[in-house]
Amino acid sequence: MSSNVTIRQISSKQDKLRFVRMMWDIYSSDPNWVPPLEMDRMKLIDEKKNPFYSHADTRFWIAEQDGKIVGRISANVNDRYLEFQHERAGFFGFFECVNDSAVAKQLFDTAENFLRDKGMTVVYGPASPSSNDEYGLLVDGFNRPPVMLMTYNPPYYEALIKQAGFVHEQDLFAYLLSQETANSDKLARVSKAMAERNKIVIRKMDKRRFQEEVDLVKYIYNTAWENRGFVPFTDSEMDFMAADLKQVYDPDLVLFAEVGGKPVGFSLSLPDINQAFHSGMPIPKGMMNLPVGIWKLLTKKKAIDTCRIVVLGVLKEYRGRGVDAMLYSATMEQAAKKGYKYGEASWVQESNIPMNRAAQMMNGVKYKTYRVYKKNLV
């Protein structure tokens, strides 16, 4: 397979559409793959529309053989990562490839050479295009489709990445929660005691003040997060994401924790619309467009029985007071009212002991593992 393979940098809309559509060649026979909306994928890699690229020098490449795309990859140097993490690190992402280590190596070599030329000394990934987007490689938990905004890949990708010289950097966990077991007696006791002791109030998002609430989320997120490799959102990036999520969010599943009227934490959960996109007949290449997506949501909405707890954070000075437990408990309570039987808490870094403990306290089952890889460039 790897003979006569050429690597070509792309930039045109036509080539980027081929970049997106080649996923169907990799996944069309995989029963757990959820086809993305082409429009969303194109917007994600659009350097003019996506504000991430205003501070990230990015390249996209495809691997071609006899006119057919057999692989793809991106690489970027994120100026904000350099600013906040003080590390000469670049990232690879959007990796897709046939099961051929030679093709994969050509793709990685191309990405690494670009990053070396930019003065980077290490590369992390996959980040598509950043840790605030789809992040990590699925290495455990292939028996179920991914939930909304989580990545998916064939099992053989792990071998291709390791054969290219990458090593484990960190794992990200996904916990499956059930309404039958999540709201344990212990969680209820902790939530009640902490609410009374610290005068914590949980409220739902006010959709009439959408932009004000988004600004509040932005403040807490950028202030509270201390995840390894974290890079704060810019105003334009947060607004870009909010505009996308506004189409599918439920204000009853966006919760704020307040003490004396001051916001000290929040949680954002979303209906797993992947269940609607996954159900029914598979969608052929080039046909996963907006009308089909709307039709899927309208006709398969009842198939959605899961929501994803996307982010949950508490300001540093209010940690250890049970705010996280209250947000988890309130989220599951609201989800139950909406008819959701399950929830996925993802992703949680392996080094984030408090959040792992919180998921375990809710009897969450660690059922998927995503891995971030690292390779030294010098």
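Student: In which loop is Asn 363 found?
Tutor: This is a predicted model. Helix 13 covers 353-361, and strand 15 covers 365-376. Asn 363 is found in the loop between helix 13 and strand 15.

Student: What is phi of Asn 363?
Tutor: Most residues other than glycine have a negative phi. Asn 363 is a residue other than glycine, yet its phi is positive. The value is near 60°.

Student: Is Asn 363 buried, partly exposed or exposed?
Tutor: Its relative accessible area is 39%. Buried means under 20%, and exposed means over 50%. Asn 363 is therefore partly exposed.

Student: What is phi of Leu 149, and where does this residue lie?
Tutor: Leu 149 lies in the loop between strand 8 (137-140) and helix 6 (157-163). Its relative accessible area is 42%, so Leu 149 is partly exposed. Leu 149 is not a glycine, but its phi is positive, at about 70°.

Student: Which peptide bond to Pro 126 is cis?
Tutor: Most peptide bonds are trans. Pro 126 is found in the loop between strand 5 and strand 6. Omega is near 0° for the bond from Gly 125 to Pro 126.

Student: Which residue does a cis peptide bond join to Pro 129?
Tutor: Pro 129 is found in the loop between strand 6 and strand 7 (134-135). Omega of this cis bond is about 0°. The partner is Ser 128.

Student: How many aromatic pairs does the structure hold?
Tutor: The structure holds 24 aromatic pairs. One of them joins Phe 19 and Phe 94, 6.2 Å centre to centre, with 65° between the planes. Planes over 60 degrees apart count as edge-to-face, and that is the class of this pair. The total asked for is 24.

Student: Why does the pair of Phe 19 and Phe 94 tie together parts that are apart in sequence?
Tutor: Phe 19 is buried, and so is Phe 94. Phe 19 lies in helix 1 (residues 13-21) and Phe 94 in strand 4 (residues 89-97). The pair therefore ties together parts that are 75 residues apart in sequence.

Student: Is the pair of Phe 91 and Tyr 124 stacked, tilted or edge-to-face?
Tutor: The rings are 6.0 Å apart, centre to centre, and the angle between the planes is 40°. Stacked needs under 30 degrees, and edge-to-face needs over 60. The pair of Phe 91 and Tyr 124 is tilted.

Student: Which strands does that pair tie together?
Tutor: Phe 91 is buried, with a relative accessible area of 8%. Tyr 124 is buried too, with a relative accessible area of 8%. The pair ties together parts that are 33 residues apart in sequence, in strand 4 and strand 5.

Student: Which residue lies over the face of Phe 210?
Tutor: Phe 210 belongs to helix 8 and is among the residues that meet helix 9. The distance from the ring centre is 4.5 Å. The residue over the face is Lys 246.

Student: Are helix 8 and helix 9 parallel, perpendicular or oblique?
Tutor: Helix 8 (residues 210-224) and helix 9 (residues 235-245) pack with their axes 11 Å apart, at an angle of about 125°. Roughly perpendicular runs from 65 to 115 degrees, and roughly antiparallel needs over 145. Helix 8 is therefore oblique to helix 9.

Methods. Residues numbered from 1 in each chain as written. Predicted model: local features only at pLDDT ≥ 70, side-chain atom pairs only at ≥ 80, totals over all residues. Heavy atoms only, no water. Phe/Tyr/Trp six-rings, centres within 6.5 Å; stacked < 30°, edge-to-face > 60°. Helix = DSSP H or I, 4+ residues; strand = E, 2+ residues; numbered from the N terminus. Buried < 20%, exposed > 50% of the residue type's maximum accessible area, 1.4 Å probe, protein only. Lys NZ or Arg CZ within 6 Å of the ring centre and 35° of its normal. Axes fitted to C-alpha atoms, helices over the stretch in contact; angles between N-to-C directions. Parallel < 35°, antiparallel > 145°, perpendicular 65-115°, else oblique. Contact = heavy atoms within 4.5 Å.
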